[in-house]
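The structure comes before the entries.

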Amino acid sequence: MFDSDDDSPQLSAQALAALQEFYLEQQQKETSVVDKFSVGAIEEDWQLSQFWYSKETAERLAKEVISAAGKGGKIACISAPSIYQKLKELQNEDFCAFVLEYDRRFSVYGDEFVFYDYKNPLNLPEHFEPNSFDIVVADPPYLSEECLSKTAQTVKFLTKGKILLCTGAVMEEQAAKLLGLRVCKFIPKHNRSLANEFRCYVNYESSLDS
């Protein structure tokens, strides 16, 4: 008689490895939709002055933007991909969002990605009409008057009125001068400790002041 254990079908090591690879690919496909929009799904590139917000900060800012945009609102995220990603994680039918970004890795977001170079602030798609966004949130990559000044041109062109700016505390005077913004009580946090203190600035009644 043969032992029953010896009779059970056995996969070759090669077949087993192929099966494991198949299951791994399926698992990756199932999670890719969620992971695609996770803050940090695309790694920071320090050479592009990219520093992602903590998940808590990204969520707070995303919810603020949704509230400010209102139902059916249109949102522009200029050089603020982690806020855009959190918006997509919270996605529903009550708003639409676009990410304007220099880093072409974010083109994985399809038609919602717009290549943006602050040095050419009005080089925008034709379908981005003047004053067509309910709120514009911007996080200029560099703490310089030149960078903020040019980004401000884009912001003023796109917004219907509401602006949320995230930048260094040292830019407070320029934020007021260029865009008429005031500093908020809420202090944004990043995943990594930065040498420069950051602040949020708005020109409307905001929960970030509470």
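Which residues form one aromatic cluster? I found that Tyr84, Phe106 and Tyr109 do.

I noted that this is a predicted model, in which local features need pLDDT of at least 70, side-chain atom pairs count only at pLDDT 80 or more, and totals for chains, interfaces and linings use all residues. Residues are numbered from 1 along each chain as its sequence is written, and side-chain values use heavy atoms, with hydrogens and water left out.

Aromatic pairs. I counted seven in the structure (ring centres of Phe, Tyr or Trp, the last by its six-membered ring, within 6.5 Å; planes under 30 degrees apart are stacked, over 60 edge-to-face, the rest tilted). Tyr84 and Tyr109 have ring centres 5.2 Å apart and planes at 55°, so this pair is tilted. Tyr84 belongs to helix H4 (residues 81-89) and Tyr109 to the loop between strand S2 (95-101) and strand S3 (113-115), so the pair ties together parts 25 residues apart in sequence (helices, H or I, of at least four residues and strands, E, of at least two are DSSP runs, numbered from the N terminus). Both tyrosines, Tyr84 and Tyr109, are buried (under 20% relative accessible area; exposed is over 50%, partly exposed in between, with a 1.4 Å probe and protein chains only).

Cys200 is buried, at a relative accessible area of 0%.
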